[in-house]
Amino acid sequence: MPDERPPEKPLGPLRATANVGKGLWVTLRHLWRKPITIQYPEQRREPFPRFKGRHILDRHEDGLEKCIGCELCAGACPADAILVIGAENTPEARYSPGERYAKVYEINYLRCIFCGLCVEACPTEALVMSHAYDLSSDSRDSLIFTKDMLIADAPLQKRASKEDLASGEDVGDFRILKEGLARARAELGTPQRPAPPGARGRPLAPEEERPAATASLERSASAEGSPKRSEVLEGQPAARGTRPPSDVPNPDELPESTLPAPPTEKDISPR
């Protein structure tokens with residue numbers, strides 16, 4: 001027997017209006033809010049201060065290039081997107097203050113992941129990441145930026161700091177770390193130094209100050225024919241072939257009847 005659905009009850013006008021308002025609640029809630037969309041490319045949104053965009057090669061104030069062709073940025077790039085070929089400066093043609101300069105500098109933006117490791121690896125701060133983000137193109141060759149496309153025409157103006165920091169002042173994560181260490185020391189209190197050796201801090205006797213191994217060595221050295229510890233420490237070699245004390249029997253002079261018999265196979269129990 002097929003299942004039969006019960007007949008639906010007709011909704012009243014009030015209930016139908018409530019259902020329509022419930023379905024349009026999300027739309028009505030955003031109706032009077034300010035729109036967040038912009039008309040690109042006529043309108044452009046300002047990126048965040050730490051946004052990493054298109055690269056720029058900076059110059060010195062005298063117009064010379066900061067890049068010295070060291071290829072450290074290319075070695076630090078995890079995507080292998082940077083190609084640097086260095087060359088030597090000459091007195092007739094000098095491009096950088098150092099001995100070398102970047103003859104070829106290319107960045108392949110088809111591979112670049114905008115991680116910023118190349119900027120951190122640059123020793124002369126020649127490579128800077130700007131806020132330019134519109135790099136779309138319909139040609140693959142146009143996304144390989146050469147040195148002429150990356151080099152700045154004039155030295156870049158560094159952004160001024162919002163606050164002036166005194167010399168030697170701790171900032172950033174290092175300041176937070178020092179504050180945490182100081183708070184931990186305050187909670188734990190001043191560490192107690194260990195008490196001096198001995199019972200209740202009393203000074204040790206001369207016999208107690210020496211280790212047990214040293215005391216036993218001196219007691220055995222007091223026997224006749226044995227070298228003393230002071231003589232050994234002073235560099236006097238102990239006499240070889242000395243006879244042991246008379247109270248200790250020599251195994252070579254004992255009769256064979258008193259010597260223990262060697263173990264037999266029966267005495268040796270298998271493991």
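D58 counts as buried, because its relative accessibility is 2%. Buried here means under 20% relative accessible area, exposed means over 50%, and partly exposed lies in between (1.4 Å probe, protein chains only). The residue sits in the loop between β1 (55-57) and α3. Its side chain makes a polar contact with the side chain of K66, at 3.3 Å. A polar contact is a pair of N or O atoms within 3.5 Å; within protein, one must be able to donate a hydrogen and the other to accept it, and residues adjacent in sequence count only if both atoms are side-chain atoms.

The model is predicted: local features need pLDDT of at least 70, side-chain atom pairs count only at pLDDT 80 or more, and totals for chains, interfaces and linings use all residues. Residues are numbered from 1 along each chain as its sequence is written, and side-chain values use heavy atoms, with hydrogens and water left out.

The protein has 9 helices and 5 strands. Helices (H or I, at least four residues) and strands (E, at least two) are DSSP runs, numbered from the N terminus. Their order from the N terminus is α-α-β-α-β-β-α-β-β-α-α-α-α-α. Of the 271 residues, 16% are buried. Among contacts with a separation of 6 or more, 65% join residues 24 or more positions apart. Contact means heavy atoms within 4.5 Å.

The largest nonpolar core holds 22 residues. Such a core is a set of buried Ala, Val, Leu, Ile, Met, Phe, Trp, Tyr and Cys residues joined through side-chain atoms within 4.5 Å. C73, I82, V84, Y105, Y109 and L150 touch the most other members. Two or more residues come from each of α3 (72-76), β2 (82-88) and β3 (100-108). The largest share, 3 residues, comes from β3. Beyond its neighbours within four places in sequence, I82 contacts C73, A74, C77, Y105, E106, I107 and C118.

The surface carries a nonpolar patch of V20, L24, W25, V26, L28, L31 and W32. Patches are made of residues with over 30% relative accessible area and no salt bridge; like charges are joined within 9 Å, nonpolar side chains (Val, Leu, Ile, Met, Phe, Trp, Tyr) within 5 Å. A salt bridge is a side-chain nitrogen of Lys or Arg within 4 Å of a carboxyl oxygen of Asp or Glu. Together the patch residues have about 790 Å² of accessible area, by the Shrake-Rupley method with a 1.4 Å probe; for residues, only the protein chains shown count as cover. Helix α2 (residues 25-29) gives the largest share of the patch, 3 residues. W32 lies in the loop between α2 and β1. W32 counts as exposed, because its relative accessibility is 72%.
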